[in-house]
Amino acid sequence: MRRVLRGLILPLSLAAGCVFGFRGEAEVEASYPLADVIAVRVDLPATPITVVGDPEAIGLEVRGAWRATGGTAEVAKANARTPRLVFERDGGFAELRAVVPLAVEGQVDFEVEEVRLPPDLDLELRTDLGDVSVIAVEGNLGVDVGAGDVDVVGGAGGVAVRTGQGDVVLETSGNADVQAPRGTVVVTQAGPGGNDVVVRAGGDVQVWLSSDADLDLDLHGREIRVQTGTVSTIDGGRFRRSVGGGHVKIWVDAGPGRVEVRMKPPA
């Protein structure tokens, strides 16, 4: 494991120029081994997170910084160095989580610059608050965010996204299951024959199809618009239709929002 910590001290001042506290910063750069691991969970406190699937990555690589406050420069620096990241393995499963002692709770934040890992691993990603971006992770992907927008490109093994409050933009060739009770959702199929899309949202939902030859459409919303080569309708409430064998599910419940299903533009 490689880990680098460097302390930075910055004063905090009132507009009148009176210093009332200090900020300490401890940078983190770490790499954790993933030999024989097939699934990884990353569970972090409130922070924006960017995760990249990188074929050159040999482990779970994390860059970021702990940022803390304190009444003096020394206390701020000590607070920033107190929390830690813990990496544990159990067979083919690995977990990275943050440990913040009670003594510095509310005084320390962790800000992730980037997380990199091999793209073929399964990934479960959790954070309480913060926007999440996942790129080129092609295993099974689960994202659970208390509040924050989610943007995913990848997840060929299948994608499950839940955000308590926030919008979701997703492009995948795997089956997609999205819950966004206080947000809008845009899902783009990336597979040539299409893939299942199941969405429960509290706002507008758009689905861009790669194929309309084999659909099971079950759509709920204040307004429903479907425009493909095989189906064209403007409706409201509920729209149900099967095309071909009806094997590819497009099941959307937008609640009070609008539903739009169209063919995606040619590449």
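This is a predicted model: local features need pLDDT of at least 70, side-chain atom pairs count only at pLDDT 80 or more; totals for chains, interfaces and linings use all residues.
**Strand pairing, aromatic pairs, a pocket and salt bridges**

In β13, the residue that bridges to Ser-133 is Asp-151. β11 and strand β13 (residues 150-153) run parallel, with 4 bridges between them. Strand β5 (residues 49-53) is also joined to β11 in the parallel sense, again by 4 bridges. Here Val-52 has Ile-135 of β11 as its bridge partner.

Next come the aromatic rings. A search of the whole structure turns up 2 aromatic pairs. One of them is Tyr-32 with Phe-87, a stacked pair with 4.9 Å from centre to centre and 20° between the planes. Tyr-32 sits in strand β3 (residues 19-33) and Phe-87 in strand β7 (residues 84-90), so this pair ties together parts that are 55 residues apart in sequence. Both Tyr-32 and Phe-87 are buried. Trp-66 and Phe-110 also pair up, with ring centres 4.5 Å apart and planes at 35°, so this pair is tilted. Trp-66 belongs to strand β6 (residues 59-70) and Phe-110 to strand β9 (residues 108-117), so the contact links parts 44 residues apart in sequence. Trp-66 is buried, at 1% relative accessible area, and Phe-110 is buried too, at 2%.

Arg-63 forms one with Glu-113, and the closest N and O atoms are 3.3 Å apart. Arg-63 is in strand β6 and Glu-113 in strand β9, so to speak distant parts of the chain, 50 residues apart. Arg-63 is partly exposed, with a relative accessible area of 32%, whereas Glu-113 is exposed, at 52%.

Another salt bridge joins Asp-216 and Arg-240, at 2.3 Å from N to O. Asp-216 lies in strand β20 (residues 215-227) and Arg-240 in strand β21 (residues 232-243), so the pair ties together parts 24 residues apart in sequence. Asp-216 is buried, with a relative accessible area of 9%, while Arg-240 is partly exposed, at 42%.

Some of the salt bridges share partners, and in this way Arg-41, Asp-43, Glu-88, Glu-95, Arg-97, Glu-124 and Arg-126 are joined into one network. Within that group, Arg-97 bridges to Glu-88, with 2.9 Å between the closest N and O atoms. Arg-97 is partly exposed, at 27% relative accessible area, and Glu-88 is partly exposed as well, at 39%.

That leaves the largest pocket, which has a volume of about 160 Å³. It is lined by 13 residues, and the closest to its centre are Asp-43, Leu-44, Pro-45, Thr-127 and Asp-128. Asp-43 is also a member of the salt-bridge network. Strands β4 (39-44), β8 (93-99), β10 (122-129) and β12 (141-147) each give at least two residues to the lining. Sorted by class, the lining has 6 nonpolar, 2 polar and 5 charged residues.

How values were computed: Residues are numbered from 1 along each chain as its sequence is written. Side-chain values use heavy atoms; hydrogens and water are left out. Rings of Phe, Tyr and Trp (its six-membered ring) pair if their centres lie within 6.5 Å; planes under 30 degrees apart count as stacked, over 60 as edge-to-face and the rest as tilted. Buried means under 20% relative accessible area, exposed over 50%, partly exposed in between (1.4 Å probe, protein chains only). On a 1 Å grid over the protein atoms alone, a cavity is a set of points where a 1.4 Å probe fits but cannot get out, and a pocket is an open set with protein on both sides within 12 Å along at least five of seven lines; lining residues have an atom within 4 Å of a point. Grid points are joined across faces, edges and corners, and a volume is the space filled by probe spheres set on the points. Ala, Val, Leu, Ile, Met, Phe, Trp, Tyr, Cys and Pro count as nonpolar, Asp, Glu, Lys and Arg as charged, and the others, Gly among them, as polar. Two strands pair if DSSP finds at least two bridges between them. A salt bridge is a side-chain nitrogen of Lys or Arg within 4 Å of a carboxyl oxygen of Asp or Glu.
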